[in-house]
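This report goes through side-chain pairings in one protein chain.

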Amino acid sequence: MNTSNISKIAFHREQWESRQRLQTRIFRATVAVGVLDAVWVVFVNLLLIGVILTSRRLRGVFRNQLIVNIAVSDLMIGVICIPLKVDFALNRRWNYGCTMHVAYQIIENYLQIFVASWCVVMVNFDFILERLQIARPRLSRSCRTLLSVQLLALPWAIACIVIMPIIFASLHPLWSVSSWSERYCPILLVRWATVTLSVLCFFLPGIIILFQVGTILAVFYKKRPAGVASLGLLTYSDSARDTAVITSASLVTVFMLCGEEIWFVMADYMGSSWTYHTMIISGFIFGVCADIKSAVLPIVWMALPEIWENIKSNLRWRPWRQYVQHHDVEVTYYRNYGDDLSP
């Protein structure tokens, strides 16, 4: 064996060891971040869903029903996707079969993003109609309920009818169903399908969301009270708080998901020109940002005035409040009684 072959073997061995060290660090970071993120995602989304569904006044508002729809899609990340990702990082292999592997990839990469993005579009549209005071058709209670159910189920139905057939009809020839094993079933698509699904799931609703944010801000500043030189979004009026929360939730959804979606498209077109370290580290960072979105977005929704007031009323200590009110009544009674007896 000549010197050139020995040097090549040493180079490839060093490169392989470097990749193994990087994978070990990424797996450790995935476990550390994933455990905390999963617990927080489940807690805040369950809290948001519980606050809305336990209040008759809140759950009767269509905007809040859409927020519950978004929270359910985010809850799937904390209950299904992140725990499976952590388990894979711990064991360095997939232990739950081919069907679960396919379901995990569809939920994390397509279904959850599609439902959350288009529901935010519907929330913004409903808010714009409310601010513009556009009259809505008068419907009976049963018709309103039926229409709300249909609109809430629409993103899920479109995802199943449109997204899933595209996925299974455009698998890469090298990674088709025939090449799947019992444990490892990667969903790798041809380029046109990758771009099409990215546009349908994120880029199209993302552009609409940014346009809606501009419209909401324009309507807000146009309808500010007369005689007020400037009215910021951080004022204490409910109108300003609603506008601030809606725009913040929209921007959180777009900017915390855009990195991962751009990475998917760029990795498909420019992956061969990237170094291994660049691809792995950037994919990990953008994936963590997308997962954290599911923990940040419910906190933003809780800042809506009606939801926040309901949370405060549920956390208030009712026996102490009742005692104070009763004590105040007694003091007022004796004070008035003493005034009546005075000459």
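Does arginine 63 count as buried or exposed? At 4% relative accessibility, arginine 63 counts as buried, given that the cut-off for buried is under 20%. The model discussed here is a predicted one.

## Arginine 63 and its surroundings

Arginine 63 is found in helix H3. Leaving out residues up to four places away in sequence, arginine 63 touches Val123, Asp126, Phe127, Glu130, Asp242, Ile246, Leu304 and Glu306.

## The salt-bridge network

Arginine 131 takes part in a salt bridge with aspartate 242, at 3.5 Å from N to O. This pair links distant parts of the chain, with arginine 131 in helix H4 (residues 97–131) and aspartate 242 in helix H7 (residues 238–270), 111 residues apart. Arginine 131 and aspartate 242 are buried. Through shared partners, salt bridges join Arg63, Glu130, Arg131, Asp242 and Glu306 into one network.

Arginine 131 also forms a salt bridge with glutamate 130, where the closest N and O atoms are 3.2 Å apart. The relative accessible area of arginine 131 is 18%, which makes it buried, whereas glutamate 130, with 33%, is partly exposed.

The whole structure contains 8 salt bridges. One of them pairs lysine 293 with aspartate 74, and their closest N and O atoms are 2.9 Å apart.

## Cysteines

The structure holds 1 disulfide. Cysteine 98 is joined to cysteine 185, with an S to S distance of 1.8 Å. The torsion about this S-S bond is about -135°, so the disulfide is left-handed. Distant parts of the chain are linked by the pair: cysteine 98 is in helix H4, and cysteine 185 is in the loop between helix H5 (141–169) and helix H6 (191–222), 87 residues apart. Cysteine 185 counts as buried, at 0% relative accessibility.

Cysteine 119 has 0% relative accessibility and counts as buried.

## Aromatic pairs

The structure holds 7 aromatic pairs. Among them is the tilted pair of tryptophan 40 and phenylalanine 43, with 5.7 Å centre to centre and 40° between the planes. Both residues of this pair lie in helix H1 (residues 3–53), 3 residues apart, or about one turn of the helix. Tryptophan 40 is partly exposed at 39% relative accessibility, and phenylalanine 43 is partly exposed at 48%.

Tryptophan 94 and tyrosine 96 form an edge-to-face pair, at 5.9 Å centre to centre and 80° between the planes. Tryptophan 94 is buried, with a relative accessible area of 7%, whereas tyrosine 96 counts as partly exposed at 42% relative accessibility. Ring pairs link these two residues and Tyr104 into a cluster.

Terms used
Residues are numbered from 1 along each chain as its sequence is written. This is a predicted model: local features need pLDDT of at least 70, side-chain atom pairs count only at pLDDT 80 or more; totals for chains, interfaces and linings use all residues. Side-chain values use heavy atoms; hydrogens and water are left out. A salt bridge is a side-chain nitrogen of Lys or Arg within 4 Å of a carboxyl oxygen of Asp or Glu. Buried means under 20% relative accessible area, exposed over 50%, partly exposed in between (1.4 Å probe, protein chains only). Helices (H or I, at least four residues) and strands (E, at least two) are DSSP runs, numbered from the N terminus. Contact means heavy atoms within 4.5 Å. A disulfide is a pair of cysteine sulfur atoms within 2.5 Å. Rings of Phe, Tyr and Trp (its six-membered ring) pair if their centres lie within 6.5 Å; planes under 30 degrees apart count as stacked, over 60 as edge-to-face and the rest as tilted.
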